[in-house]
Amino acid sequence: MKTRKIPLRKCTGCQEMKNKKELIRVVRNNEGEFSLDFTGKKPGRGAYICPTEECLLKAQKSKGLERSFKVAVPSEIYEALKSELKDKNE
């Protein structure tokens with residue numbers, strides 16, 4: 001029986017390759033709108049980040065998401081990520 005390949009993606013914060021399903025996807029669609037994608041199926045350009053506050057802070061400091069999208073990421077996205085991480089940790 002064939003083993004299935006597990007898709008890996010790089011976290012924009014810690015730069016580690018991890019299982020795609022373990023990461024949070026930030027999506028920019030064709031209209032330039034940003035959103036969080038927990039299903040991994042929204043259309044648009046995506047960047048991934050670990051569901052930890054340390055990785056979020058690293059990505060924000062190093063502008064990892066900005067480099068991935070080649071455009072400035074609105075602060076609302078960072079706020080949405082922070083609130084999502086707090087909800088998961090509680």
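The structure described here is a predicted model. Together with Ile6 and Met17, Leu8 makes a nonpolar surface patch of about 300 Å².

In soluble globular proteins, nonpolar side chains tend to be buried together. The largest nonpolar core of this model has 21 residues, and those with the most contacts inside it are Val26, Ile49, Leu65, Phe69, Val73, Ile77 and Leu81. Two or more residues are given to this core by each of the strands β3 (24-28), β4 (34-37) and β5 (45-49), and likewise by each of the helices α1 (53-62), α2 (64-69) and α3 (75-89). Helix α3 gives the most, with four residues.

Which residues does valine 26 contact, once its neighbours within four places in sequence are left aside? Valine 26 is in contact with Phe34, Ser35, Leu36, Arg45, Gly46 and Ala47, and also with Leu65, Phe69, Ile77 and Leu81.

A disulfide is a covalent bond between the sulfur atoms of two cysteines. The structure holds zero disulfides. For cysteine 11, which is in no disulfide, the nearest cysteine sulfur is that of cysteine 50, at 3.4 Å. Cysteine 11 counts as buried because its relative accessibility is 0%.

For cysteine 14, the closest cysteine sulfur belongs to cysteine 55 and lies 3.6 Å away, which is too far for a bond, because a disulfide needs the two sulfur atoms within 2.5 Å. Cysteine 14 is also buried, with a relative accessible area of 19%, a value that falls under the 20% cut-off for burial.

Lysine 5 is found in the segment before β1 and is exposed, with a relative accessible area of 78%. Between lysine 5 and alanine 72 there are 67 residues of separation in sequence, and their C-alpha atoms are 33 Å apart in space.

Most residues other than glycine have a negative phi. Lysine 63, although it is not a glycine, has a positive phi of about 55°, and its place is in the loop between α1 and α2. Lysine 70 likewise has a positive phi, near 60°, and is placed in the loop between α2 and α3. At 73% relative accessibility, lysine 70 counts as exposed.

Technical notes
Residues numbered from 1 in each chain as written. Predicted model: local features only at pLDDT ≥ 70, side-chain atom pairs only at ≥ 80, totals over all residues. Heavy atoms only, no water. Patch = residues over 30% accessible without salt bridge, like charges linked within 9 Å, V, L, I, M, F, W, Y side chains within 5 Å. Areas by Shrake-Rupley, 256 points an atom, 1.4 Å probe, with all protein chains shown as cover. Salt bridge = Lys/Arg side-chain N within 4 Å of Asp/Glu carboxyl O. Core = buried A, V, L, I, M, F, W, Y, C linked by side-chain atoms within 4.5 Å. Buried < 20%, exposed > 50% of the residue type's maximum accessible area, 1.4 Å probe, protein only. Contact = heavy atoms within 4.5 Å.
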